[in-house]
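Subject: Structure handover

Hello,

Here is the structure you will be taking over. Please open it next to this message; my notes follow below.

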Amino acid sequence: MRTHHLAAIDLGASSGRVMLATFTRHDTDPAATLTLKEIHRFPNNLMHVDGHEIWDLDALEKHILEGLNRLDASGVQLDGIGIDTWGVDYVLLDEQGQRVGLPVSYRDNRTEGVMARMEQQLSREAIYQKTGIQFMPFNTLYQLRALSEQQPDVVKKAAHLLMIPDYFLYRLTGKLNQEYTNASTTQMLNISTGDWDDELLKLAGVPRHWMTKPSQPGNSPGLWHSPRGRSVPVFSVATHDTASAVVAAPLTGTHSAYISSGTWSLMGIESPKAFNHAGALHDNVTNEGGINGSYRVLRNIMGLWLFQRVCRELNIQDLPSLITLAKNVPPFTYLINPNEDRFINPTSMVDAIREACEQAGEPVPNSPAELARCIFDSLAMLYRQVSVQLATLQGEPLRDIHIVGGGSQNQFLNQLCADTCQVNVSAGPVEASTLGNIGCQLMALGAVKDAAEFRRIVATNFEQRHYLPRIHEDFPIHWRRFQALCHANEELAV
């Protein structure tokens, strides 16, 4: 019998956790068992400092060490540690390895107008041809241009750029590393070479010496030395949390799509090739890096962030009761385009939703249940839109969708997804990013052959729920309403 104990540090935009995975396989039996145990869960709250929304990296590091130290004190002999986080955000270090400037969040407003100005210097088509990455105003490319324009003194002091998971790997090991899947979210990586694009770096005001060629997932840049004197390899896994989630998603082929559902909903397919042609650009599809040379061909959808913000503003604690009330609201009465920029970080999400409906000439939701129903119906409609775009891209219809992550626990939204997309939907595992993090470590250790084998192990050891599509007779009418709404948003953006 072979047993591996592995720690996964999984940081999301609203919370983080340190998890212990135990993987056991008998030499005479190919079946394997995989279990997860939560060691430490903690909040991830933005701070407002010097007029900016920033991450509290010191608090996050303290929590990470608390979780690892608990494992160390328990006597568990770890075989590895992996870290995954959200994308696009970065940390700057000086020559001595100390932080320079503020760790500003992608939800900060410093990038307003930056994307449009940069497109006057290098066209949208040229940027997309280079990167294959969808245009979002908070991409690292625009964050760095905003920094170079607004704080050139910070640029002069910096010597290294690290994405958020690479920064925490550095804090644990003292080693610098730039990992590929997270680097691909920056919109500065050349899709043909897998290395940083010099023209885009220059456009952003980034010195080339900040960057090293990104490494593929699976290497171990350094060791974490525990208080008890143990030396544990820290693996550079698929450090973008969606990349890790896809590793654990029970995909079975090109007909399968995934939705990594949480604060964001990342909906896509796993593909051996990228799509950076005009049609993909029109749909604003992104081609982020996956493991083993694959691409995560997907679209970012604003996700349950809207619901989280509404509940926070209205001080609603009992979410299941609110979802039950939302079920009783007539379907598709209220619709918005969840991906409008106005929903990124409004002063009031409730007001932003109501204003969007009013400006579009749509019915305006008033009660908490109506607001929730508006969000869920609109997300499901956007899932359908993206599923159509993905099927068109690959020239093959989607036959099933696998929803993973914390949002997979929302059974009402899962059923709406099946209904709007008219395909079978499975939901689970919940801790997909953590599991994918563990899967990358197991593959690096040679304990698991590849992603296909790991997905079979996950499917065997973690429960899934299944949803069959239902037909709403008046759905075509509401679908046309939603399409017209999105088209009107596109025209306004132009």
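Predicted model: local features only at pLDDT ≥ 70, side-chain atom pairs only at ≥ 80, totals over all residues.

Three strands make up an open sheet, in the order 8-7-9, with antiparallel pairing. Strand 8 (99-100) and strand 9 (160-163) are the edge strands. Each has a single partner strand, so one side of each has no neighbour in the sheet. Strand 7 covers residues 90-93 and pairs with strand 8 over two bridges, in the antiparallel sense.

Next, a hairpin. Strand 10 (residues 219-225) and strand 11 (residues 231-236) form it, with five residues between them. Their pairing is antiparallel and runs over five bridges. Within this pairing, G222 stands opposite V234 of strand 11. Look at the turn too: G229 has a positive phi there, about 90 degrees.

Now the domains. The domain assignment gives two entries: domain 1 (2-236) and domain 2 (251-428 + 464-493). Their C-alpha centres are 26 Å apart.

How many residues are in contact between the two domains? On the domain 1 side there are 23, and they touch 25 residues of domain 2. The size of an interface is often given as the accessible area lost when the parts come together. Here domain 1 and domain 2 bury about 2000 Å² between them. Carbon and sulfur atoms account for 51% of that.

What about salt bridges across the interface of domain 1 and domain 2? The rule finds zero. Polar contacts are another matter: eleven residue pairs are counted between domain 1 and domain 2.

Which elements carry the domain 1 side? Helix 3 (124-131) and helix 7 (180-183) are the elements that give two or more residues to it. Helix 3 gives the most, with five residues. By type, the residues on this side of domain 1 divide into ten nonpolar, nine polar and four charged.

To find your way around, begin with strand 7, paired with strand 8. Go on to the hairpin of strand 10 and strand 11. Then turn to helix 3, on the side of domain 1 that touches domain 2.

Best wishes

Note on methods: Residues numbered from 1 in each chain as written. Heavy atoms only, no water. Domains from an automatic or database assignment. Contact = heavy atoms within 4.5 Å. Buried area = accessible area lost by both parts, 1.4 Å probe. Salt bridge = Lys/Arg side-chain N within 4 Å of Asp/Glu carboxyl O. Polar contact = N/O pair within 3.5 Å; in protein donor to acceptor, adjacent residues only side chain to side chain. Helix = DSSP H or I, 4+ residues; strand = E, 2+ residues; numbered from the N terminus. Nonpolar A, V, L, I, M, F, W, Y, C, P; charged D, E, K, R; others polar. Pairing = 2+ DSSP bridges.
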